[in-house]
Amino acid sequence: MSASHLGIYLNDHLAGSVAAIELLTALEKAHQGTELAGTLGELRADITSDQRELKALMEAINVSAGGARQAVAWVAEKCTRMKLALDDAGDGSLRLLECIEAVALGIEGKRALCAALRVAATEHPKLGTFDADRIERRTIEQRATAERVRLQAVKSAFGV
């Protein structure tokens, strides 16, 4: 196993979780006081929990969290939000749609991570400390939540 490749791969997923959490935090704040904010907050909390498990795996297999990747993810998320704010200076419905789609893509990426770790764990048992089956089940629930929010955002953004 290429430890450097595994480290890069896990750090990329960690960086993705940082960006997703930042996007969800901003959306939750933008929709404060609504039912949507509660849904976004629950999704953010779930992703944060999964992020902690990823960090625990990385620690267990001696892969350090790459601060540079996380910083780049943080900056990219800020640039994305700025771009979306320029595209949708009105009610934010397009912004919500595009942000939740980005989060949904990240959730699909986490599902792919689970599959990859299951395969790799057959040769490297330490990777089995990450409960990929449970996390994958959570991703299915998270993706369903994101899809419900996305479809509502479509209606609002496109006036349907």
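Predicted model: local features only at pLDDT ≥ 70, side-chain atom pairs only at ≥ 80, totals over all residues.
Figure 1. Residues are numbered from 1 along each chain as its sequence is written, and side-chain values use heavy atoms, with hydrogens and water left out.

**Figure 2. Span and end of helix α5.** Helix α5 covers residues 132–158, 27 residues in total. From its first C-alpha to its last it reaches 37 Å, close to the 39 Å expected at 1.5 Å a residue; the expected span is 1.5 Å times one less than the number of residues. Gly159 follows α5 and has a positive phi, near 65°.

**Figure 3. Crossing of helices α1 and α4.** The axes of the two helices, α1 and α4, come within 10 Å and cross at roughly 150°; axes are lines fitted to C-alpha atoms over the stretch in contact, and angles run from 0 to 180 degrees between N-to-C directions. Helices α1 and α4 are therefore roughly antiparallel to each other, a term for angles over 145 degrees. Their crossing is left-handed, meaning that the near helix is turned anticlockwise from the far one by less than a right angle. On the α1 side, the residues that meet α4 include Leu6, Tyr9, Leu10 and His13. Their partners in α4 include Leu96, Cys99, Ile100 and Val103.

**Figure 4. Surroundings of Ser17.** Ser17 lies in helix α1 (residues 3–30) and counts as buried because its relative accessibility is 10%. A polar atom of the Ser17 side chain lies 2.6 Å from the backbone oxygen of Leu14. Apart from neighbours within four places in sequence, Ser17 is in contact with Ile47 and Gln51.

**Figure 5. The chain as context for the close-up views.** The chain has 5 helices and 0 strands, where helices (H or I, at least four residues) and strands (E, at least two) are DSSP runs numbered from the N terminus. Along the sequence, the pattern is α-α-α-α-α. Of the 160 residues in the chain, 39% are buried. Among contacts between residues at least 6 apart in sequence, 77% join residues at least 24 apart.

Note on methods
Buried < 20%, exposed > 50% of the residue type's maximum accessible area, 1.4 Å probe, protein only. Polar contact = N/O pair within 3.5 Å; in protein donor to acceptor, adjacent residues only side chain to side chain. Contact = heavy atoms within 4.5 Å. Parallel < 35°, antiparallel > 145°, perpendicular 65-115°, else oblique.
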